[in-house]
Amino acid sequence: MITVEKALEIIISNSSVAEKSEKTDLFNSYGRTLFKDTISDSNVPPVNNSAMDGYAILTSDIANAEKKTPILLEIIDEVQAGNKFKGDALQSGYAIRIMTGAPIPEGADSVIPFEETEESENVVKVFKKTSIHENIRFAGEDIQKGNTVLKAGTRIDSAEIGLLSSMNMNQIEVYKKPDVGIISTGDELAEPGLNNSGKLINSNAYVLYSEVKKYGGNPVYGGIVKDNYEDVKNCFLSMMDKDIIISSGGVSMGRYDFIPDVLKELGIDIKIEKVMMKPGKPIVFGTMGKKIFFGLPGNPVSVMVSFMQFVRPAILTMTGNYKISKPVLKAATTEVITKKTGRKHFIRGIFHIKDGKLFVGTTGPQGSGILTSMSSSNCLIIIPEEIDLVKIGELVDIQLTGHSEI
């Protein structure tokens, strides 16, 4: 039995980064990973433009403007967003009505907002002075031509999609998704929605399917396999064209727990069989060339916790991500936590912030079949192997389960 840290090290070192890429459009790029550095071929914004609806003016003209003694300027034109001023450079004593996003006319060096002015018959009264360049967005102040904006290995979220579209890109090159086979084992299981009297509903496959999609894999469900050695072997054989195979159940010490033996017979190099953690001790990990195999426990919470700790970072690594770690923070406990020594515990918890400090408590009963405890949690409380008691107010590590990787 090995530590969580050693298990993760083995898994990451055996998860090969995909060598293939594919093109995708921006609408379908969410959650994908950039294959190459993205270098801008233009400035963003492309020209100096107004940050406000107001008047483009010369700062020196309104240096003495006050509410009681406004400065009067003649309005000579208007510039809407998408258009530009077609006249000569703006001269002293004049103003140009301008809308947000419109190019700054030549000669103007600031913009006074409408709310600081009063207009009447093509004359504007200005009640407040401005600083030079006030309310002007300069060309390239967000992105400069030639700059690397996003690095290869960046996982694309909404902000990244906005950046890519602002650079006039509609297609990007991303890492190819790994194909991930999902297998559920057990005579006791039945699919949801059927006549399932006396059966346990197969929630694991649906959890794994959604988690694989979330982290950039292409899930393929192989169905429920009965507790028969040949059936289990044949199901794995049918999935051998996949990059990753994940099974749930059949990895413990029971009479019908065939997964480790099946994997060995198929020539898979078993590198992990037990991990010093709870929930999720009986975890099998193996490799065959660049393919990787995970045998996860059958209990629903064990599946979710072991997926988060091991399968998630493997998929992220294989899809080229350079951020694979969930954030871990310190929080003070609001209750006593006890456990046996010898294994690292991942306890479902709920953290909250009070007076700028983090506090955390458990979700209640921690049985590995209590899936509601995962749904109601927003973190995992991590208690090291050697600790058996945590008192109220003591600081513990909490892993944020809903937060993006860092």
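Tutor: We take a helix pair, then the sheets.

Student: What should I know about the model and its numbering?

Tutor: This is a predicted model; local features need pLDDT of at least 70, side-chain atom pairs count only at pLDDT 80 or more, and totals for chains, interfaces and linings use all residues. Residues are numbered from 1 along each chain as its sequence is written, and side-chain values use heavy atoms, with hydrogens and water left out.

Student: How are helices and strands defined, and how are their angles taken?

Tutor: Both are DSSP runs, numbered from the N terminus: helices are H or I with at least four residues, strands are E with at least two. Axes are lines fitted to C-alpha atoms, for helices over the stretch in contact, and angles between N-to-C directions run from 0 to 180 degrees. Take helix α1 (residues 4-13) and helix α6 (residues 300-318): their axes come within 9 Å and cross at roughly 30°.

Student: What does that angle say about how α1 and α6 are oriented to each other?

Tutor: Angles under 35 degrees count as roughly parallel, over 145 as roughly antiparallel, 65 to 115 as roughly perpendicular and the rest as oblique. α1 and α6 are therefore roughly parallel.

Student: Is the crossing of α1 and α6 left-handed or right-handed?

Tutor: Look at the near helix: turned anticlockwise from the far one by less than a right angle, the crossing is left-handed; turned clockwise, right-handed. α1 passes α6 in a right-handed crossing.

Student: Which residues in α1 and α6 meet?

Tutor: Contact means heavy atoms within 4.5 Å. From α1 come V4, A7, L8, I11 and I12; from α6 come Q309, F310, P313, A314 and T317. In this contact of α1 with α6, eight residues are nonpolar, two are polar and none is charged. Here Ala, Val, Leu, Ile, Met, Phe, Trp, Tyr, Cys and Pro count as nonpolar, Asp, Glu, Lys and Arg as charged, and the others, Gly among them, as polar.

Student: In which sense do β13 and β16 pair?

Tutor: Strand β13 (residues 179-185) and β16 run parallel, over six bridges. V180 has P219 in β16 as its bridge partner.

Student: What is the strand order β7-β4-β6-β5-β9-β8?

Tutor: That is an open sheet of six strands, with mixed pairing. β7 (110-113) and β8 (117-120) are at the edges, each with a single partner strand, so one side of each has no neighbour in the sheet. Neighbouring strands here are turned by 40° on average, direction ignored.

Student: Which residues stand opposite Y55?

Tutor: R97 in β6 and I112 in β7. Strand β4 (residues 54-57) runs antiparallel to strand β6 (residues 94-98) over three bridges. β4 also pairs with β7, antiparallel, over four bridges.

Key. Two strands pair if DSSP finds at least two bridges between them.
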